[in-house]
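Colleague: I am new to this structure. Could you take me through it step by step?
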Amino acid sequence: MRLAHDPHPKGYDVVVIGAPYDGGTSYRPGARFGPQAIRCESGLIHGVGIDRGPGVFDLIRCADAGDIDLTPFNQQVAMATAQGRLAGILADNAAFLMLGGDHSLTLAGLRAVAAQHGPVAVLHLDAHSDTNPAMIGGEYHHGTPFRHAIDEGIVAADHMVQLGIRGHNPRPDSLDYPRSHGVRIVTSDDFADLGVTATAALIRRTIGDHPVYVSVDIDVFDPAFAPGTGTPAPGGPTSREILALLRSVGDLNLVAMDVMEVSPLYDHGGITSVLATEVGAELLYQYARLHVKDKENN
Ligand SMILES: [Mn+2]
């Protein structure tokens, strides 16, 4: 997005930061190359949208902090590094937008955010609930971050919405865990039935004014729109539907955002990275909308 590179950001509204890591991936690898592909395609974005008034970068201060220096050899070290770096960002700035990287790192993001804000509400857009138990000997992988977050008490599960869930699960009872903890699951079919407006209202009702972490797994989109990802799931929403829904999240109290699971190795013509950059831009717009509204109220 042509943002200035600032490796030691201080005083920004949102710091964009890459998390090049795919050690938690269970199927297709390559998400470690997500941040560089998203950045490459993000040159398209000027931060000024049609009929949207002032440009987003005229409303809020943003910087690109570069990538977190993540070892590919030790998952515990990588997780701790990510958490430390994101906590440092939050100590000196208002919010971050992390570009992944596989979804295991969202647990690091949630830990950093909870240390700052207490247990947070979550809006999680994904084909998968990511609340699985340990699998193939791995306790922490990209199918588990929200289970650990619930277990650790760092999210307010009864103010959590998972949207776009569909496809195949490792076990028949895979969704029992989140549902039994109060998580509101809106499947891909539910979303198609409800439509954008009613779904946005449901999200607003469930999350309320709680500080909220918005996590977007790019595989929430149908693979026709986002083939470049680790675990694609056919039968998902279109880019127009999800982007329309995201235009409502500025009604929420956003404190952190991420766009995860872009694997350029499986992409075609950069369409997944282009979409990821659009999602990131929309989240920045929504953060700006919230921020300007707050300024007007104060
Ligand atoms: Mn997923």
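Modeller: Let me begin with a term: a residue is buried if 20 or more other C-beta atoms lie within 10 Å of its own, exposed if 12 or fewer, and partly exposed in between, with C-beta atoms placed from the backbone. This is a predicted model, in which local features need pLDDT of at least 70 and side-chain atom pairs count only at pLDDT 80 or more, while totals for chains, interfaces and linings use all residues. Residues are numbered from 1 along each chain as its sequence is written.

Colleague: Is Asp219 buried or exposed, then?
Modeller: Asp219 is buried, because 29 other C-beta atoms lie within 10 Å. Asp219 sits in the loop between strand S7 (211–217) and helix H8 (239–246); helices (H or I, at least four residues) and strands (E, at least two) are DSSP runs, numbered from the N terminus.

Colleague: Which positions does UniProt give for "binding site"?
Modeller: The unreviewed UniProt entry places that feature at His103, His128, Asp130, Asp217 and Asp219. UniProt positions are in the numbering used here, feature names are shortened, and annotations may be inferred rather than shown by experiment. These residues spread over 117 residues of sequence but cluster in space, with a largest C-alpha distance of 12.1 Å.

Colleague: What does His103 touch?
Modeller: Leaving out residues up to four places away in sequence, His103 touches Asp130, His142, Pro145, Asp217, Met260 and Glu261. Contact requires C-beta atoms, placed from the backbone, within 7 Å.

Colleague: And where is His103 in the chain elements?
Modeller: His103 lies in the loop between strand S3 (95–100) and helix H4 (105–117).

Methods
Contact = placed C-beta atoms within 7 Å.
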